[in-house]
Amino acid sequence: MPRPSFISRLERPDRVVYGALIVIAGMAALLNLVVPEGSAFHMSTFTVTLLGKYACFAMLALSVDLVWGYCGILTLGHGAFFALGGYAMGMHLMRQIGERGVYGNPELPDFMVFLDWQELPWYWWGFSSFPFAMAMVLVVPGLLAFVFGWFAFRSRVNGVYLSIITQAMTYALLLAFFRNEMGFGGNNGLTDFKDLLGFSLQTDGMRVVLLVTSLLALGGAYAICRAVTRSRFGRVVVAIRDAENRSRFLGYRVEHFKVWAFVLSALIAGVAGALYVPQVGIINPGEFAPLNSIELVVWVAIGGRGTLYGAMAGALLVNFSKTYFTGALPDAWLFVLGGLFILGTLFLPRGVVGVFTKEKE
Amino acid sequence: MTPAAPAIESRATASDQNASHDVLKGAIIYLEGITVSFDGFRALDELDLRIERGELRCIIGPNGAGKSTMMDVITGKTRPDSGLALFDRGTDLFSMSEPEIAMAGIGRKFQKPSVFENLSVAENLELAMRANRGVWSNLFAKMSKEQSDHRDSVLETIGLTAARAMRAGAISHGQKQWLEIGMLLMQEPKVLLVDEPVAGMTHQETERTAELLTSLAGDHTVVVVEHDMEFVRSLARRVTVLHEGRVLAEGNMDFVQNDPRVVEVYLGV
């Protein structure tokens, strides 16, 4: 083993998280690409993509836990940052299609040709460039979170009022992105993607690469969240969650801490969205639906908030159930989700992971 | 400036360091003509008060006398309708925000112990430590040797060395009150405002608290708001009695207790 001292310095949850990510990445690569298709051990490309989606969801859950679990900001609009990151990636993928679209127009995406637009709107400029698009994946959600947070936290909007305006924010974006005139493909969104960085999105190899990239990003996001929550910044944020006025009396600018925690969270959500889109092959305004954002909070609540790994576990658990129940009992899914939330809140106040960890006294 | 000068005029000179220094005359907190009304009710009515540097002052008074409002005014939580409040070397408290006042050296302990329950005792002290409050500096902050030494000495002073790693939510009520006082000390304040420190404490804890506060006076200026007369007597330095937003009497405990007006409003006889 190289550098055992490094591994032994990690705390147990970290070892489990990083270990699991490495194992999943290795298994997927091996079982999908090396093991032949006929074998019982072969992992289907469908499963690989499903795991990739879960990794993005886990990252999204992580971002919600950072602001809700640690800072006490119950955001019900975090899907908006995920979707914006997704749209930034989707726009790049649209530009990559070039003249291979249905209308074969080298200048304009199909939906613009369909709407009889003559030229590319200014806000699509630059998205042909991969680095520019990746910068936008961070800049757009980050900027929205900053502006939103700045006004909300400076005016000391708290609790349920804040939750409601986060819902309003994502709903407003949903309505805006539905409009064809917005230039983001309206109702249909962006789809029919061909390739990324010159590699076709349809090959098994690319699917595994996307999964591994998502797992790497998840590991990176986890490491960043761990470092932040273990710093003094993290302790201040917990102090704000538990006694906001007290923190203010100690001289902390509560709104500054909240806004930066919110921005960091939005950046992570944006990256998760950007990784999600090439794997599912579509981004449409449905991602802004308020219900999606509420579901995120349910993942974190069920997994156990304020632990980071609990949020990831919750995202996996709920989404595995979702995949199963929407296949087995499609009509029952929402009842199952509601039931999980109610039972989780009643019997597992510290979430599923709370069952396995002892409370610190 | 004559003591009879109207509040408006003295307010105008507040920014002038020399003039306001004259008014302070060695006091660390100087309040003049403070009026605060809530919906027509005058919580503070032309209140004048001066607290000398290094003294231990007790403020007593019946419910609604304006004790908490006075604390709110000094810490910037409540803005008065009129009046002048100077601190230390003539700083105008009304031109400062709550965090600025806290950083300038006025620390407040609330009536209800409000420690950060999910952080350890030592972490509570760390957050209260006099240090840069900025977001970025806290992201990369590490405690220096002097800082952790200071924290350890405060732990010693408040008698919580053994409980340092415990979750603050899990220690006893009295210990929480001491932790709060420790958090004030970490800020190295010039003035400690202490709101009902012994409410709900056992007899032993009360005694221990009196010792602690007495030992802090001198290096710090300590202002205690308290209902418990026995406790006030055990601290017994200078006592100020508030009534209906004004100072009713001021002096040592025996003097105030024998003042007929105090007997009438406070003891209700």
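How many residues of chain B are in contact with how many residues of chain A? In this predicted model, 23 residues of chain B are in contact with 22 residues of chain A, where contact means that the C-beta atoms of two residues, placed from the backbone, lie within 7 Å. Helix H4 (98–104), helix H5 (121–128) and helix H6 (135–139) of chain B are the elements that give two or more residues to the side of chain B that touches chain A. That side divides into 13 nonpolar, three polar and seven charged residues; Ala, Val, Leu, Ile, Met, Phe, Trp, Tyr, Cys and Pro count as nonpolar, Asp, Glu, Lys and Arg as charged, and the others, Gly among them, as polar.

Residues are numbered from 1 along each chain as its sequence is written, while chains are lettered from A and ligands numbered from 1 in the order in which they are written. Because the model is predicted, local features need pLDDT of at least 70 and side-chain atom pairs count only at pLDDT 80 or more, whereas totals for chains, interfaces and linings use all residues. Helices (H or I, at least four residues) and strands (E, at least two) are DSSP runs, numbered from the N terminus.

Chain B holds an open sheet of four strands in the order S2-S1-S4-S5, with antiparallel pairing; two strands pair if DSSP finds at least two bridges between them. Its edge strands, each pairing on one side only, are S2 (41–52) and S5 (91–92) of chain B. Helix H3 (residues 67–75) of chain B packs on this sheet and touches S1, S2 and S4 of chain B, with its direction at about 65° to that of S2(B). Axes here are lines fitted to C-alpha atoms, for helices over the stretch in contact, and angles run from 0 to 180 degrees between N-to-C directions.

Eight bridges join S1(B) to S2(B) in the antiparallel sense. These two strands form a hairpin with two residues between them, and B:Asp39 in the turn has a positive phi of about 45°. On the other pairing, S1 (residues 27–38) and S4 (residues 82–87) of chain B run antiparallel over five bridges. B:Leu31 has a bridge partner in each neighbour: B:Leu49 in S2(B) and B:Ala85 in S4(B). B:Thr35 stands opposite B:Ser82 in S4(B).

Another open sheet of chain B has six strands in the order S6-S7-S8-S3-S9-S10, with mixed pairing. S6 (106–109) and S10 (246–252) of chain B are its edge strands, and the twist averages 20° from one strand to the next. S3 (residues 56–60) and S9 (residues 238–243) of chain B run parallel, joined by four bridges; B:Cys58 stands opposite B:Val239 in S9(B). Helix H9 (residues 203–216) of chain B lies across S3, S7 (191–195) and S8 (221–225) of chain B, running at about 145° to S8(B).

In chain A, 21 of the 26 residues of H3(A) are buried, so this helix is largely enclosed by the rest of the structure. A residue is buried if 20 or more other C-beta atoms lie within 10 Å of its own, exposed if 12 or fewer, and partly exposed in between, with C-beta atoms placed from the backbone. Just after H3(A), A:Gly72 takes a positive phi of about 75°.

A:Asp116, in the loop between H5 (110–114) and H6 (130–154) of chain A, has a positive phi near 70°. A:Asp116 counts as exposed because it has 6 C-beta neighbours inside 10 Å.
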